[in-house]
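Please look at the structure shown below before reading on.

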Amino acid sequence: MFKRTRRLRRDENIRSLVRETRLSKEDFIYPIFIKDGENVKEEIRSLPGIYRYSIDRLEEILEKVEMAGVKGILLFGIPKEKDEFGKDAYSDDGIIQRAVRKIKQISKLYVITDVCMCEYTNHGHCGIIDNGDVDNDKTLDYLEKIALSHVKAGADMVAPSDMMDGRVKRIRKALDKEGYANIPIMAYSAKYASAFYGPFREAADSAPKFGDRKSYQMDPANVREAMLEIAADIEEGADIVMVKPAISYLDVIRWTRDRFDIPVAAYNVSGEYAMVKAAAKLGYIDEIKIIMEILTSIKRAGADIIITYHALEAAKYLGGGQ
Ligand code: PBG
C-alpha cells in the first residue's frame, strides 16, 4: 500500500478544508509615500501603481485603503529640504508630523510611522555622520526626537528602521517618560543591506551619496546574527519585530517565528514588488497568482503581519470591500 495524498486535493472544497495557511486582508500594512508640496500625485517610475502624495491629496488613497479593508498604513516622508542633520525628520512641522495630524482627522486607519533619517539627510545615510561613518550614539539622540515628534502628532505606532544599536531602548524610554507608555514599537530588527530597496530609494530620493549601508544593515549571508538582533530588540522593549526584505529571507522569518513568541512582521519590499510588476508588464507571469503565492509564502514562513505594496490588490482579490 502506498499513501494516496492526492485524495485531499481532488477539488477546491476539500483543498480549502485542509489548507494550512490563509491570507486575510487584516494581515496587511500598506506603505504610503508623502511628499511636501501641493496637489502632488505622481507615480513612482520603478513602482507602477504606487504614488507620492502631498498632504492635500492624501484623502483619496486613505479612502481606497479603508475600502479595501486594510487596517494599517506605514508612512514615509519626502521633505522639501534635506540637510546634514535631517531636521525635517524631527521638526513638529515636518512632513510626517503634519501628515499624521491630518490623517488622524480624516480617517480611522492605524497609523505607523517609519523612524529613520535617510529620507531627510543630504548625504542619504540613516544617521549622523562623523569621520565618514554613521555615528551610532549621536544618531540615537535624533531617533528619540523623531519618534517622539511622530507620537506627539498622533502616530499609533513607531517603526525604527535605522539599524542603530540601542535605539529601541532609547525610544521606549523617551516615550514612557513623556506619557506614551501605550504606544508600541515595531522594530526593523533583522534589516539586511539589500539591493531590493532600490526602487524605494528612488521613490524617497534616499540613496546614500557615498559608501553604502553595510556598516549598519545586516549581511544577507547571516541568520544567526539576525536572532541576536531580534533578541536584543525584544530585550530593549520592541513589541513587534520585523524581518526585511521578505521573499529572499523566508528562512529568517521561520527562525524568528520558531524562536520568539512576539508578533513577527515581514516587509515585502520595493524591489520585490517591482520585479513582479515588470515581469507582469512583459507578459511573463500571471500577476495576481504570483502576488498571492508570494504573500502566502511569507505568511506560511511565519509572518503575522505583512507590509506590502500589493496590499490593495491582494485585499481586493481576497474579497476586499465592505
Ligand atoms: C529607511 C527605509 C528603507 C526602506 C524602508 N525604510 C530604505 C533603506 O533602508 O535604504 C525600504 C523599503 C522598501 O524597499 O520597500 N531606512
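This report goes from the whole chain to its cavities and pockets, and then to its rings.

The model is predicted, so local features need pLDDT of at least 70 and side-chain atom pairs count only at pLDDT 80 or more, while totals for chains, interfaces and linings use all residues. Residues are numbered from 1 along each chain as its sequence is written, and side-chain values use heavy atoms, with hydrogens and water left out.

**The chain as a whole**

The protein chain has 12 helices and 12 strands; these are DSSP runs numbered from the N terminus, with helices being H or I of at least four residues and strands being E of at least two. Its C-alpha trace spans about 70 × 45 × 40 Å along the principal axes. For 322 residues, a compact globule would have a radius of gyration near 20 Å, and the chain agrees because its own value is 20 Å. This radius is taken over C-alpha atoms, and the globule rule is 2.2 Å times the number of residues to the power 0.38. Of the 322 residues, 55% are buried (under 20% relative accessible area, found with a 1.4 Å probe on protein chains only).

**Cavities and pockets**

Rolling a probe the size of a water molecule over the atoms shows where empty space is left. On a 1 Å grid over the protein atoms alone, a cavity is a set of points where a 1.4 Å probe fits but cannot get out, and a pocket is an open set with protein on both sides within 12 Å along at least five of seven lines; lining residues have an atom within 4 Å of a point. Grid points are joined across faces, edges and corners, and a volume is the space filled by probe spheres set on the points.

| Space | Volume |
|---|---|
| Largest cavity | about 140 Å³ |
| Second largest cavity | about 30 Å³ |
| Largest pocket | about 480 Å³ |
| Second largest pocket | about 300 Å³ |

The largest cavity is lined by 20 residues, and C118, K191, Y197, F200 and K244 lie nearest its centre. β9 (186-191) and α7 (198-204) each give at least two residues to this lining. By class, 10 of the lining residues are nonpolar, four polar and six charged (Ala, Val, Leu, Ile, Met, Phe, Trp, Tyr, Cys and Pro count as nonpolar, Asp, Glu, Lys and Arg as charged, and the others, Gly among them, as polar).

The second largest cavity has a lining of eight nonpolar, no polar and no charged residues. Among them are Y30, I50 and I61. β1 supplies four residues, the largest share of this lining.

The lining of the largest pocket has three nonpolar, three polar and six charged residues, including R19, E20 and K289.

**Aromatic rings**

The structure holds 11 aromatic pairs (rings of Phe, Tyr and Trp, the last by its six-membered ring, with centres within 6.5 Å; planes under 30 degrees apart count as stacked, over 60 as edge-to-face and the rest as tilted). The pair of Y188 and Y267 is tilted, because the ring planes lie at 40°, with the centres 6.2 Å apart. Y188 is in strand β9 and Y267 in strand β11 (residues 264-268), so the pair links parts of the chain 79 residues apart. Y188 and Y267 are both buried. They also belong to one aromatic cluster with F33, F76, F200, Y273 and Y309.

K244 lies over the face of Y267, 4.9 Å from the ring centre. The charged end of K145 sits over the ring of Y90, at 4.3 Å from its centre. Here a charge sits over a ring if NZ of Lys or CZ of Arg is within 6 Å of the ring centre and within 35 degrees of the ring normal.

Terms used
Buried means under 20% relative accessible area, exposed over 50%, partly exposed in between (1.4 Å probe, protein chains only).
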